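Q: Could you walk me through reading a few features of a model, one at a time?

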Amino acid sequence: MKSLLLKTGLGAGVAMMLASAAFADTTLTIATVNNGDMIRMQKLTDDFTAANPGIKLNWVTLEENVLREKVTADISTKGGQYDVLTIGTYETPIWGKKGWLVPLTGVDKVDDLLPAIRGGLSVEGKLYASPFYGESSFTMYRKDLMEKAGLKMPDAPTWDFIAEAARKMTDRANGVNGICLRGKAGWGENMAFLGATSNSFGARWFDESWKPQFDQPEWKKTLQFYIDLMKDAGPAGASGNGFSENLALFQTGKCGMWIDATAAASFVVDPKASQVAANVGFTLAPDAGLGKRGNWLWSWALAIPAGTKQADAAQKFVGWATSQHYLELVASKEGWANVPPGTRTSLYANPEYQKVPFAKMTLDSINSADPTKPTVKPVPYVGVQFVAIPEFQGIGTKVGEIFSSVLAGQTSVDDGLKQAQAFTMTQMTKAGYIK
Amino acid sequence: MARQTSPQRKLIVTLIAWTIGILMFWPILWTILTSFKTEQDAVLMPQLFSTGWTFENFGIVQERSDYLRFAMNSIILAFGSTLLGLVFAIPAAWSMAFSPSKRTKDTLLWMLSTKMMPPVGALLPIYLIFKDYHWIDQHIPVLVIMFMLNLPLVIWMLFTYFKEIPVDILEASRMDGAGVWQELTRVLAPMALPGIASTFLLNVILAWNEAFWTLKLTDVHAAPLTVFIASYSSPEGLFWAKLSAASTMAIAPILILGWFSQKQLVRGLTFGAVK
């Protein structure tokens, strides 16, 4: 028995030595965005390097658009500059299809990943990026103001209810706006909100033959509703407001409701940062009775570029950073409320995590988004608030600029839609989608 | 005899100068003040003043990033590329100013024309060369790019200064038996020193603030303060105050350098302006 133990111990020791020798002096360069969860991970990497002493980590933290440009340049030329990339649900299916990413093999308990998120990061059943955190969008509201308006927020509100509540909650003399929504131009800014909202009104970016649909009544209804609501109940200068501006407005009590990323929840209930922390309620994004809600689906995920020379070490790192063990590590150091949300089924089954006030609503919101059938009518594309084709970034940003100018009052709804239709038609024809 | 300036005229000129000065300094002042605000005040209070001043943002930036590494890279790239630029530009400008040929004017114009092309036009070939030779994130290749970027401007500035030096003085020194080296070091250099100093300072400032190429061609090892600033823009949460703190820390060294050398800068920039 003693000799068996000795042999096992020696064997384990040799295996560990071999494993660390295999990664001796391996340096992984990880490109990432600057958000709270990613910064937290950088502080916790001792846990990874202690278990993998041969692997060193270099971080490249950049602004989202700069990162996207650099990572795209690196991956399309197979530069090998980065070993691990932070990318989203927009890039993953496009890059996975082109063979620019390595299929992931080291992900801990793949079947535990939330199906909607996993689906958005897979191509033909193969996982090309492992979710670091996932998010949808939902409605955050002030319970005290709702009560004052004599209304009760339903679990699944309609747009009509939201509009009525927003108008009743508005008290501009006291600096309270009934609703705060994104207006800043950008495919990931106002178009994330408007794209998801348009789905609930039955609109779509393209029909089955890739013809743009801004000339259809569903888009007119979406945009007119948004503009009227913001005019009556939105904050001044809303065409410049994105996530950060609306977060600050909500935290300081200047918004009755805010429909935005589920990731905002931890910020609005943090009593250190939010003056309204005790009065915040959460509910699903609204619908218009057509069977689709106006919520999006997004995930920041870790992927490995095909040009890397350190694929094995990179697989190990991605496996660690997106594992259940990592979630527990964050919980032990910073509490369950700070765990990266929206990735694993087991997290939402954890009784400790269920105590977090926005946990259930986040899960329900993520589960109600379907990137493969985003809207009421059939579409030829994947993506809820975006269209997973390379041309979308340019088109989405331009259409976002047009709609932002409609919100600023510089263009009418009809003219804005005409411009969006004409621009998108030209781009899609140029790109060969429309013959 | 100097022309008399009326007090009203002096007052108006002073007021205009101050207005222009304040307008130009406004974004920097706004950034510096924002860096001392809370994140909420930074977003919600566009006015200059805050309800609660704080040093917290500097603490967070200091804790999260290796500022000294980025600053050291900025020093290496900015000073290195400028010094290298002077090594090439002084002889070039000297020869064009004092021994012009038929093609000097065309050469000068051609050099300036390279600055007219938007940098993005050269991005793809340069990026691919850097990738193939494994130069991305390496100090020397990035330094060379920055040197080439500012070289036309350095030559032009020095050429303008050198042109203001009367050729008669050089001829007189030759009559006294001075060789080319003595002419350069004993006669030309002391006279051109303010011009060289201001060219040096201006180009250090330009290279320090260069963001297009440094963001594209560096990541970790050679990344200067421009990359450090870019890492504080966030897709989520509030970040304006932290971003402003990072920007303030990034511009502080060059601002201090500019402050202390403003006499030389002004002297150099107005060199030869009044004959």
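This is a predicted model: local features need pLDDT of at least 70, side-chain atom pairs count only at pLDDT 80 or more; totals for chains, interfaces and linings use all residues.

Q: How are two packed helices described?

A: In general, one gives the angle between their axes and the distance between those axes. Here, take α9 (residues 190-200) and α10 (residues 217-233) of chain A: their axes come within 9 Å and cross at roughly 125 degrees. Angles from 65 to 115 degrees count as roughly perpendicular and those over 145 as roughly antiparallel, so α9(A) is oblique to α10(A). The crossing is right-handed.

Q: Which residues make the contact of α9(A) and α10(A)?

A: From α9(A) come A:Leu194, A:Thr197 and A:Ser198, and from α10(A) come A:Glu218, A:Trp219, A:Thr222 and A:Tyr226. By class, that is three nonpolar, three polar and one charged.

Q: How many residues of chain A are in contact with chain B?

A: On the chain A side there are 27, in contact with 22 residues of chain B. Elements of chain A giving two or more residues to this side include β1 (26-33) and α4 (64-76). The most come from α11(A), with six residues. Sorted by class, the chain A side has eleven nonpolar, twelve polar and four charged residues.

Q: Where is A:Glu124, and is it buried or exposed?

A: Look in the loop between β4 (122-123) and β5 (126-127) of chain A. A:Glu124 is exposed, because 8 other C-beta atoms lie within 10 Å and 12 or fewer counts as exposed. A:Lys109, in the loop between α5 (91-98) and α6 (115-120) of chain A, is also exposed, with 12.

Note on methods. Residues are numbered from 1 along each chain as its sequence is written. Chains are lettered from A and ligands numbered from 1 in the order in which they are written. Axes are lines fitted to C-alpha atoms, for helices over the stretch in contact, and angles run from 0 to 180 degrees between N-to-C directions. Helices (H or I, at least four residues) and strands (E, at least two) are DSSP runs, numbered from the N terminus. Angles under 35 degrees count as roughly parallel, over 145 as roughly antiparallel, 65 to 115 as roughly perpendicular and the rest as oblique. A crossing is left-handed if the near helix is turned anticlockwise from the far one by less than a right angle, and right-handed if clockwise. Two residues are in contact if their C-beta atoms, placed from the backbone, lie within 7 Å. Ala, Val, Leu, Ile, Met, Phe, Trp, Tyr, Cys and Pro count as nonpolar, Asp, Glu, Lys and Arg as charged, and the others, Gly among them, as polar. A residue is buried if 20 or more other C-beta atoms lie within 10 Å of its own, exposed if 12 or fewer, and partly exposed in between; C-beta atoms are placed from the backbone.
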